[in-house]
Amino acid sequence: MTLCAAYQQFLKEKISEGVTEQTLKYYKYNLPKFIEWCVDNKIENVEDVYTHLFEDYKLYLIENKNGTKKISLQTYTRAVKTFLLWLNENEFIQNVGKLKLIKAEIANIVPLSDVEVKILLNNFDNSYFGIRNKLMVMFMLDSGLRRGEVVSLESKNIFMHNNTMLVQGKGEKERLVPFGEETKRYINRYSHMRNEYEKRFFQKEDGTPITDNTIKMYFQDLKESTGIIRLHPH
């Protein structure tokens, strides 16, 4: 079996397992790069995979991706590790060896100061986008929602009677999250502006759901308008 065919089978299995669209995108971005490198090195079939292949690929990335942070290289190779372990578990290959990820220092995340939070929350007007975007930020600040959780939040899962919401996190795990009275006030304001027939809570101006990219692009603008360069939608 070729590595390309094995990759397609791997994706089908992951889809049948119900992995998120974001996880599929992650595999589809990183694994073809690995397979292309393999083919360039005359490793086209699964039986060509050798014990130290993972180490050689890590070395290639380190030597040829100058300027790329090690945490990013670690992310690239994590997908490859998952794929190689899958090949091993399904007996396509044997003796895959020890698959150690590239070591990377985890940067300390410095929380926003009270002054920065005030600057951030004073950056919005009373337009549709102003109310919507401020509420997204409040969900992140007040309730600790991640970017993907904001995108996937459904209106039916916001419970105004007890100030909680049901969010779907990584691995499609659900958890109940509280929110404060000020956030509740903005939920009410935004609820009167959105398309009530769309199940996703946060929407574009035309009533269709926002995407992950919507938040990414908006936070780039928010960095510039607030001057808080380390601002991230997480």
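Here are some notes on the cores and helix packing in this predicted model.

1. Let's start with the largest nonpolar core, which has 31 residues. Phe139, Met165, Phe201 and Phe202 are the ones with the most contacts inside it. Helix 6 gives the most, with eight residues.

2. Click on Phe202 next. Leaving aside residues up to four places away in sequence, Phe202 touches Arg132, Leu135, Met136 and Phe139, and also Val150, Leu153, Tyr190, Pro209 and Ile210. Phe139, one of those partners, is itself among the residues with the most contacts inside the core.

3. There is also a second, separate core, this one of 30 residues. Leu24, Cys38, Leu61 and Leu73 are included in it.

4. Now for helix 6 against helix 8. Their axes come within 10 Å and cross at roughly 145°, and the crossing is left-handed. On the helix 6 side, look for Tyr128, Ile131, Arg132, Lys134, Leu135, Met138, Phe139 and Asp142; they meet Glu182, Thr183, Tyr186, Ile187, Arg189 and Tyr190 of helix 8. Sorted by class, this contact has eight nonpolar, one polar and five charged residues.

5. The other pair to look at is helix 3 (residues 53-64) with helix 4 (residues 70-89). Here the axes come within 11 Å and cross at roughly 160°. Angles over 145 degrees count as roughly antiparallel, so helix 3 is roughly antiparallel to helix 4. This crossing is right-handed.

6. Who makes that contact? Helix 3 brings Phe54, Tyr57, Lys58, Leu61 and Ile62, while helix 4 brings Leu73, Tyr76, Thr77, Val80, Lys81 and Leu84.

7. Last, have a look at Thr77, which is found in helix 4. Is Thr77 buried or exposed? Its relative accessibility is 0%, so Thr77 counts as buried. Not counting residues up to four places away in sequence, Thr77 touches Phe54, Tyr57, Lys58 and Leu61, plus Leu101 and Ile102.

Note on methods: Residues are numbered from 1 along each chain as its sequence is written. This is a predicted model: local features need pLDDT of at least 70, side-chain atom pairs count only at pLDDT 80 or more; totals for chains, interfaces and linings use all residues. Side-chain values use heavy atoms; hydrogens and water are left out. A nonpolar core is a set of buried Ala, Val, Leu, Ile, Met, Phe, Trp, Tyr and Cys residues joined through side-chain atoms within 4.5 Å. Buried means under 20% relative accessible area, exposed over 50%, partly exposed in between (1.4 Å probe, protein chains only). Helices (H or I, at least four residues) and strands (E, at least two) are DSSP runs, numbered from the N terminus. Contact means heavy atoms within 4.5 Å. Axes are lines fitted to C-alpha atoms, for helices over the stretch in contact, and angles run from 0 to 180 degrees between N-to-C directions. Angles under 35 degrees count as roughly parallel, over 145 as roughly antiparallel, 65 to 115 as roughly perpendicular and the rest as oblique. A crossing is left-handed if the near helix is turned anticlockwise from the far one by less than a right angle, and right-handed if clockwise. Ala, Val, Leu, Ile, Met, Phe, Trp, Tyr, Cys and Pro count as nonpolar, Asp, Glu, Lys and Arg as charged, and the others, Gly among them, as polar.
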